[in-house]
Amino acid sequence: MTSADRPQPPESAVLTVLTAVDSAQAAAALARGAVQARLAACAQISGPVTSVYHWKDALETSQEWQVLFKTTTAAYPALEARLTAEHPYDTPEIIATPVVRVSADYLAWVAAEVTAG
């Protein structure tokens, strides 16, 4: 089964979108920009967290701040484009996860706050 054959979530389905950046200021800028542009209903910043990863053939350890956005399936492409354009990393982590259960009131709030861009 290809991805085109899989059932797709409705355009109003809620997604959580995760990214990480190298400073609290960069996290706040991404969060505020996405919410202000109505590409996310809200964004939560956590950190610092310790990340361990390979980059350019070296094992790296660094402090990062995670930003978790709440958005809709319809708004995701515009949110991804904004994060890619404004992210300080060459290869940003942008991971979208579908929310499989959500209260009706929260779903309505997210859908009302987010536009498809």
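1. Pairing of strands. Two strands pair if DSSP finds at least two bridges between them; helices (H or I, at least four residues) and strands (E, at least two) are DSSP runs, numbered from the N terminus. By that rule S2 and S3 pair in the antiparallel sense over 12 bridges. Within this pair, cysteine 42 has lysine 70 of S3 as its bridge partner.

2. Basis of the notes. This is a predicted model, in which local features need pLDDT of at least 70 and side-chain atom pairs count only at pLDDT 80 or more, while totals for chains, interfaces and linings use all residues. Residues are numbered from 1 along each chain as its sequence is written, and side-chain values use heavy atoms, with hydrogens and water left out.

3. Overall make-up. The protein has 3 helices and 4 strands, and along the sequence they follow the pattern β-α-β-β-α-β-α. Of the 117 residues, 31% are buried (buried means under 20% relative accessible area, exposed over 50%, partly exposed in between, with a 1.4 Å probe and protein chains only). Contact means heavy atoms within 4.5 Å. Among contacts with a separation of 6 or more, 74% join residues 24 or more positions apart.

4. The sheet. The 4 strands form an open sheet in the order S2-S3-S1-S4, with antiparallel pairing. S2 and strand S4 (95-98) stand at the edges with a single partner strand each, so one side of each has no neighbour in the sheet. From one strand to the next the twist averages 30 degrees. Strand S1 (residues 14-21) pairs with S4 in the antiparallel sense over 4 bridges; there, valine 17 has alanine 96 of S4 as its bridge partner.

5. Helices on the sheet. Helix H1 (residues 24-36) lies across S1, S2 and S3 and runs at about 20 degrees to S3. Helix H3 (residues 104-113) packs on the sheet, touching S1, S2 and S3, and its direction makes about 95 degrees with that of S3. For these angles, axes are lines fitted to C-alpha atoms, for helices over the stretch in contact, and angles run from 0 to 180 degrees between N-to-C directions.

6. A residue in S1. Is threonine 16 buried or exposed? Threonine 16, in strand S1, counts as buried because its relative accessibility is 19%. Leaving out residues up to four places away in sequence, threonine 16 touches Leu68, Phe69, Lys70, Ile95, Ala96, Thr97 and Val99.

7. Backbone points to check. A cis peptide bond, with omega about 0 degrees, joins glycine 47 and proline 48; proline 48 is in strand S2. The hairpin of S2 and S3 has 2 residues between the strands, and in it lysine 56 takes a positive phi near 50 degrees. Aspartate 57, in the loop between S2 and S3, also has a positive phi, of about 65 degrees, although it is not a glycine. At 83% relative accessibility, aspartate 57 counts as exposed.

8. Arginine 38 is in the loop between H1 and S2 and has a positive phi near 65 degrees. With 37% relative accessibility, arginine 38 counts as partly exposed. Glutamate 113, in helix H3, is in contact with Arg38 and Ala41, leaving aside neighbours within four places in sequence. Glutamate 113 counts as partly exposed at 24% relative accessibility.

9. The largest pocket. A pocket is an open set of points on a 1 Å grid over the protein atoms alone, where a 1.4 Å probe fits, with protein on both sides within 12 Å along at least five of seven lines; lining residues have an atom within 4 Å of a point. The largest pocket holds about 290 Å³ of space, the volume being the space filled by probe spheres set on the points, which are joined across faces, edges and corners. Its lining includes Ala20, Ser51, Tyr53, His54, Trp55 and Glu60. Strand S2 (42-55) and strand S3 (58-72) are the elements that give two or more residues to this lining, and S2 gives the most, with 4 residues.

10. The lining of the largest pocket divides into 4 nonpolar, 4 polar and 4 charged residues (Ala, Val, Leu, Ile, Met, Phe, Trp, Tyr, Cys and Pro count as nonpolar, Asp, Glu, Lys and Arg as charged, and the others, Gly among them, as polar).
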